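Here is a short report for a reader meeting this structure from the start. Take a look at the sequence and the model before reading on.

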Amino acid sequence: MASFLYRVGHFSFTRRWIVLVTWLLVLAAAGAGALASGIKLTEQLTIPGVESATAQTILEERFGEAASGVGSGTGGAAAAGADAEQPASTRFVVQAPEGTNLVEDGSLQTVLGALAPVGEQPQVASVSDPTQTGTVAPDGGAVYVDIQFTVPSDDVSDATLDTIATAETTLSDDGFTVAVAGGPYTEPLEFLGPTELVGVVVALVVLLVTFGSLLAAGMPILSALLGVGIGVAGVLSLSAVVTISSATLTLALMLGLAVGIDYALFLLSRHRQQLAEGVAPAESAGRAVGTAGSAVVFAGATVVIALAGLSVTGIPFLATMGLAAAATVAIAVLIAITLLPAIMGFAGERLVPRGRAAARAQRSSKAENRWGSFVTTHPVWTLVVGVLLLGTVALPATQMRLGLPDAGQEPASSHDRQAYDLLAEGFGPGINGPLVVLIDAESDPSVLPTAMEQMTTALDGVANVAAVAPATPNGAIEGMEAPEGTPQADAAIITVIPTTGPNAEETADVVHDIRDVRGAVEEATGATVWVTGAAAANIDVTEKLADALPLFLAIVVGLAIVLLLVAFRSLLVPLTAVLGFLLTVAAAFGATTAVYQWGWLADVFSVATPAPLLSFMPVLLVGVLFGLAMDYQVFLVSRMREDFTHGADAMRAVRSGYAHGARVVLAAALIMIAVFASFVFSGNTTIGPIAFALGFGIAVDALVVRMTMIPAVMALLGRSAWWLPRWLDKALPNVDIEGASLETSGATHGSKKDDEHAPKTTA
């Protein structure tokens with residue numbers, strides 16, 4: 001591999017215009033594909049096949065538009081949100097002035113009068129009547145009205161929105177408190193806003209300090225941004241045929257930016273080191289790609305395997321997230337080993353470290369060598385302290401709870417959060433997470449009345465239920481009034497309002513209790529009873545993901561161990577890498593639980609309301625963090641193996657490899673932490689906790705595990721760290737990650753004759 005990558009790097013350097021133009025054409029093609037796709041994103045994160053999703057499908061089939069938004073509450077898009085292609089709906093919430101009653105003083109008619117012009121708009125299919133739907137608060141202090149549109153959110157006209165805004169202004173002027181949420185009022189996600197740009201600026205500062213050169217510092221940023229542009233545009237191009245969520249796009253952007261800068265940093269650092277040693281620019285570019293580039297390819301392959309492994313969960317939205325992010329990382333690898341050498345070619349000898357930059361590199365190397373010498377001199381104490389520290393941080397993870405985001409976790413300034421709070425205050429917290437009990441009697445509609453009666457009676461005995469609405473059939477039923485010609489009903493819904501919010505443990509208990517008591521009704525009537533709604537989706541998604549996690553771990557970790565086994569030709573190095581990762585992920589879970597579930601430092605990390613962690617975060621975090629953690633393992637330990645294969649004894653190889661690699665690993669970790677941290681403060685309740693967990697995990701893994709505990713372990717193992725059974729050594733392919741073949745095979749192009757391909761400078 002080293003020889004092949006050497007040729008790739010040398011070609012890219014000497015044929016830089018061809019490489020640059022090729023990548024620009026790829027970017028243009030990806031951008032054109034994205035624009036042609038219409039860029040249609042969704043907030044819907046569903047899992048086909050689970051009970052809540054199946055029930056929602058049946059509900060929409062039997063009740064049509066009447067089922068729109070049933071059971072989703074406010075801000076429940078993660079579980080049961082409307083599809084971006086379906087007609088939108090908006091909830092208009094009104095709170096009466098303090099001390100007044102909407103029903104008794106007649107102000108309800110004022111509300112309905114203000115909303116009357118909304119119903120006359122051509123894009124409005126219906127405006128619900130709260131006197132018929134029962135959406136007036138028991139104390140008369142609040143009311144909500146559902147506005148159903150005929151078009152998706154993005155297609156709602158300004159004229160329609162202006163009419164709604166006029167109603168809102170009129171009521172506000174009369175002393176009412178109004179909040180409008182959902183549909184066109186859901187705040188769009190910013191993919192690269194001011195906070196994300198701060199991460200890029202911090203990365204540039206770290207690169208500037210590392211290289212001591214503005215030219216060198218800008219190159220990784222430039223190549224990473226180009227790679228992210230291609231990757232994100234490619235993902236957007238697929239939105240025309242595949243459901244792409246905004247979280248998928250943001251994850252691809254976040255990871256592509258982080259690894260793109262890191263991979264370029266590793267290659268450029270090796271190139272500048274070789275230039276300082278007198279190697280000709282073109283030759284140095286080839287050698288950098290052949291050695292550090294091999295580590296980049298293996299590190300990137302590990303990340304891609306971990307992300308693509310999310311497909312084995314059998315969960316479509318998670319598989320899409322993983323594959324999109326994996327594709328973006330793969331592009332980052334290709335950019336690093338081709339476009340970056342081409343950019344090196346344009347820079348030529350101007351990248352040679354000079355003056356303060358060269359002196360700074362020498363001082364940094366000596367400082368890191370002192371730390372490497374310390375941890376390898378005291379390996380046992382280093383490991384004991386490291387394990388105790390990470391174990392303590394991991395303790396909160398023992399109380400980790402999982403759920404799906406709702407509007408209660410949004411910033412207080414958002415439309416969804418304001419409506420959520422008004423509804424909770426007027427109707428109780430359970431109104432934001434209603435449960436829907438669907439009675440399906442399609443096989444024998446005659447049993448529907450009996451099933452409705454028995455199920456209503458059973459629900460009256462369920463604890464923590466605030467209200468049970470009368471059963472609503474989808475057609476005519478004996479004993480109930482219906483317009484003439486109405487078809488016979490074959491299904492009915494019963495809306496159940498819990499006493500607690502959608503993410504409360506008591507609400508989950510309500511779902512379990514309903515599913516426990518339905519069996520008797522099904523057995524007695526032959527009807528099928530389903531439970532859906534926000535809390536039901538929480539339970540179904542969590543259980544599905546919990547079932548998928550063991551298989552995912554086995555496949556991803558197993559494949560990664562094989563990859564590391566091939567790369568390092570050692571049994572113990574991959575094993576220690578995986579054990580270190582387990583400590584990392586445990587600590588990341590613990591810290592994320594403390595901040596986002598317990599509320600520690602909530603103000604610092606912009607946590608609006610502590611709540612259970614995302615149901616899919618454990619699987620996603622394991623996949624992403626494992627791949628990124630192996631990056632640093634590969635970059636640091638590959639330099640140790642490189643020195644070992646070039647004749648250094650085991651201890652000297654560990655210390656010299658650490659001294660050469662630690663400065664770059666530290667800079668790479670700081671860059672990745674900065675990029676992830678910038679997404680923590682983006683205000684998105686889905687991406688924020690994921691970004692925090694990744695950023696904290698990278699900090700722990702790079703600083704504590706890879707740069708402290710792994711050198712200590714390698715020192716304890718000595719030569720046995722590189723032991724491999726002879727039969728396995730013969731069976732494994734020799735990929736030459738350390739680039740030994742470049743020294744012996746004559747694959748390089750020599751030295752000074754390559755200068756004819758480099759720009760002539762007098763710097």
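Is A332 buried or exposed? A332 is buried, with a relative accessible area of 6%. The cut-off for buried is under 20%, so 6% puts A332 in that class.

## The chain as a whole

This is a predicted model. The chain has 763 residues, and 56% of them count as buried. It contains 24 helices and 13 strands.

The chain exposes about 30000 Å². Carbon and sulfur atoms supply 60% of that area.

## Helices α11 and α12

Helix α11 covers residues 281-308, and helix α12 covers residues 316-347. The two pack at an angle of about 175°, and their axes are 8 Å apart. Angles over 145 degrees count as roughly antiparallel, and α11 and α12 therefore have that arrangement.

Which residues meet across this contact? On the α11 side they are A285, V289, G293, V296, V297, G300, V303, V304, L307 and A308. On the α12 side they are G322, L323, A325, A326, V329, A330, V333, A336, I337, P341 and M344. By class, the contact has 18 nonpolar residues, three polar residues and no charged residues.

V289 lies in helix α11. Its relative accessible area is 1%, so V289 is buried. What does V289 touch, leaving out residues up to four places away in sequence? The answer is L5, G9, L267, S294, I337 and P341. R270 is 19 residues from V289 along the chain, and the two C-alpha atoms are separated by 8.7 Å.

A332 has its place in helix α12. With residues up to four places away in sequence left out, A332 touches V259, G260 and Y263. The C-alpha atoms of A332 and V297 are separated by 10.0 Å. Along the chain, A332 and V297 are 35 residues apart.

## Salt bridges across the chain

How many salt bridges does the structure hold? There are twelve. One of them joins R62 and D440, whose closest N and O atoms are 2.8 Å apart. This pair links distant parts of the chain, 378 residues apart. R62 sits in helix α3 (residues 51-63), and D440 sits in strand β8 (residues 435-440). R62 counts as buried at 18% relative accessibility. D440 is buried too, with a relative accessible area of 14%.

R569 and D729 form another salt bridge, with the closest N and O atoms 2.7 Å apart. R569 lies in the loop between α18 (534-568) and α19 (572-597), while D729 lies in helix α23 (residues 726-731), so the pair ties together parts 160 residues apart in sequence. R569 is buried, at a relative accessible area of 11%. D729 counts as partly exposed, at 35% relative accessibility.

What is the relative accessibility of E283? It is 0%, so E283 counts as buried. R287 is partly exposed, with a relative accessible area of 29%.

Some salt bridges connect into a network. E51, R515, R518 and D540 are linked in this way.

Definitions and conventions:
Residues are numbered from 1 along each chain as its sequence is written. This is a predicted model: local features need pLDDT of at least 70, side-chain atom pairs count only at pLDDT 80 or more; totals for chains, interfaces and linings use all residues. Side-chain values use heavy atoms; hydrogens and water are left out. Axes are lines fitted to C-alpha atoms, for helices over the stretch in contact, and angles run from 0 to 180 degrees between N-to-C directions. Helices (H or I, at least four residues) and strands (E, at least two) are DSSP runs, numbered from the N terminus. Angles under 35 degrees count as roughly parallel, over 145 as roughly antiparallel, 65 to 115 as roughly perpendicular and the rest as oblique. Contact means heavy atoms within 4.5 Å. Ala, Val, Leu, Ile, Met, Phe, Trp, Tyr, Cys and Pro count as nonpolar, Asp, Glu, Lys and Arg as charged, and the others, Gly among them, as polar. Buried means under 20% relative accessible area, exposed over 50%, partly exposed in between (1.4 Å probe, protein chains only). Accessible areas come from the Shrake-Rupley method with a 1.4 Å probe; for residues, only the protein chains shown count as cover. A salt bridge is a side-chain nitrogen of Lys or Arg within 4 Å of a carboxyl oxygen of Asp or Glu.
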